[in-house]
Amino acid sequence: MMGSHPMHDNKISENLPPEKLGEKLGEKTGLKEQILDALRGFEFSAEECSTWLAELKQTALLPDKAAAAACRAQWQALCKPLYSLGRLEELICRLAGASGQKIPEISPRAAYIFVADNGIVEEGVSQTGQEVTAQVLRNINERKCTVKLWSERYGLDLIPVDLGARYYRGEEEPGAAEVFVHKIMPEGTHSFLRQDAMSREQALEALAVGRECAWAAAGAGVRLLVGGEMGIGNTSSSTALISALLGCPPEEICGRGSGLSDEAFRHKSKVLGQALASRKLGPADPLGALAAVGGLDIAALCGLYLGAAEARVPVLLDGLISYAAALCAFYLVPASQAFLIPTHVAREKGAAAVAKALNLKAVLDLDIALGEGSGAILLIPLLEAALQDLNELPRFAEGHVEAYEDFAAKSSEQN
């Protein structure tokens, strides 16, 4: 059996109100405590997870068109020029369709940081060593990390998840009670230049952890999620996976990660090319591609996206690694794309390739390449501002202004 928390025994797609969802986990002192309590009952079955994926693909996992239409109608009735908030109106309508709420709620909200090491670092594709992965995890707990500071500022409960940080000692670490530790591969993945990064079962287990994270958050009443990651070398894993699934040469989308010299960048591109040349990977078997060249953090993000889609909890996308996970989720369950919310234009070329393939249009263009979910968090104050208008602006009659006529809609209907 999978994890034992009550969400598994109920249809989580019913989109119950937060107070009812929270009751499923009993009375707890805080949102993060509720979620961690649920996650610590996690158990894994590859067969069950495979069955769930197959069933999810056959589920009518579609956005709520009625809720999205009602949200658009609400925008059109407000005392302001039609469509004047541009992309923000579009995003709120997308949130409405994903959540099934005509006026979507984005609070309570939570962020997960999936942490794992990548064996491809052995091939000299990164500027730093794997010890940095564990140190950043410690920094998150000690408020020495951007994503922690921004999570506090914008009201997210932040939960790190250790899937295979080589130098993080689990319960021996200070602050370990704030981390969900489930080390699938304690040393991290293998170098995919020499062998598959992980087995299919290990990829499924990481995916199942992500799914459990989505379900635990939904059970605690969370209305909006951010998926982040940390793992030295994960831009290499992400680039290789995107290249495999989109069929584009890795040298066309390879980036410099956390910062490489020209020589190191050329070496990284060569390593990825060699690793992919020895395999036949593609979208027909996304799980196989994920296991061959992906990372545990990517797999968990993929599971988070799929589980959140089933629970009708929208997820904000971040940068390259989240786009690699989104692409994998799309090929596993195509309908999942509708529940992902693009936030910012990531610096890495691979993210742009996925955004084009999945028709995901980000709002912010800040040249951010920090990862960890940090860029995604910056969209939240804009969403809050837009929702304040949607909730508080008067309608045309109340604002003593004659309603605008929607010529754009009429033109669209005629064409």
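This is a predicted model: local features need pLDDT of at least 70, side-chain atom pairs count only at pLDDT 80 or more; totals for chains, interfaces and linings use all residues.

A: The protein contains 18 helices and six strands. Its radius of gyration is 21 Å, close to the 22 Å that the globule rule gives for 415 residues, so the protein is as compact as a globular protein of that length. Of the contacts between residues at least 6 apart in sequence, 77% join residues at least 24 apart.

Within this fold, the structure holds four aromatic pairs. One of them joins tryptophan 52 and tryptophan 215: the ring centres are 6.1 Å apart and the planes stand at 90°, so the pair is edge-to-face. Because tryptophan 52 lies in helix α3 (residues 46–58) and tryptophan 215 in helix α8 (residues 200–219), the pair ties together parts that are 163 residues apart in sequence. Tryptophan 52 counts as buried, at 6% relative accessibility, and tryptophan 215 is buried with a relative accessible area of 8%.

Another pair is formed by tyrosine 112 and phenylalanine 114, which are stacked, with 5.9 Å from centre to centre and 15° between the planes. Tyrosine 112 and phenylalanine 114 are both buried.

Charged groups also sit over aromatic rings. The ring of tryptophan 52 has the charged end of arginine 211 over it, 4.6 Å from the ring centre. Elsewhere, arginine 256 lies over the face of phenylalanine 265, at 4.7 Å from the centre of that ring.

Notes: Residues are numbered from 1 along each chain as its sequence is written. Side-chain values use heavy atoms; hydrogens and water are left out. Rings of Phe, Tyr and Trp (its six-membered ring) pair if their centres lie within 6.5 Å; planes under 30 degrees apart count as stacked, over 60 as edge-to-face and the rest as tilted. Helices (H or I, at least four residues) and strands (E, at least two) are DSSP runs, numbered from the N terminus. Buried means under 20% relative accessible area, exposed over 50%, partly exposed in between (1.4 Å probe, protein chains only). A charge sits over a ring if NZ of Lys or CZ of Arg is within 6 Å of the ring centre and within 35 degrees of the ring normal. The radius of gyration is taken over C-alpha atoms; the globule rule is 2.2 Å times the number of residues to the power 0.38. Contact means heavy atoms within 4.5 Å.
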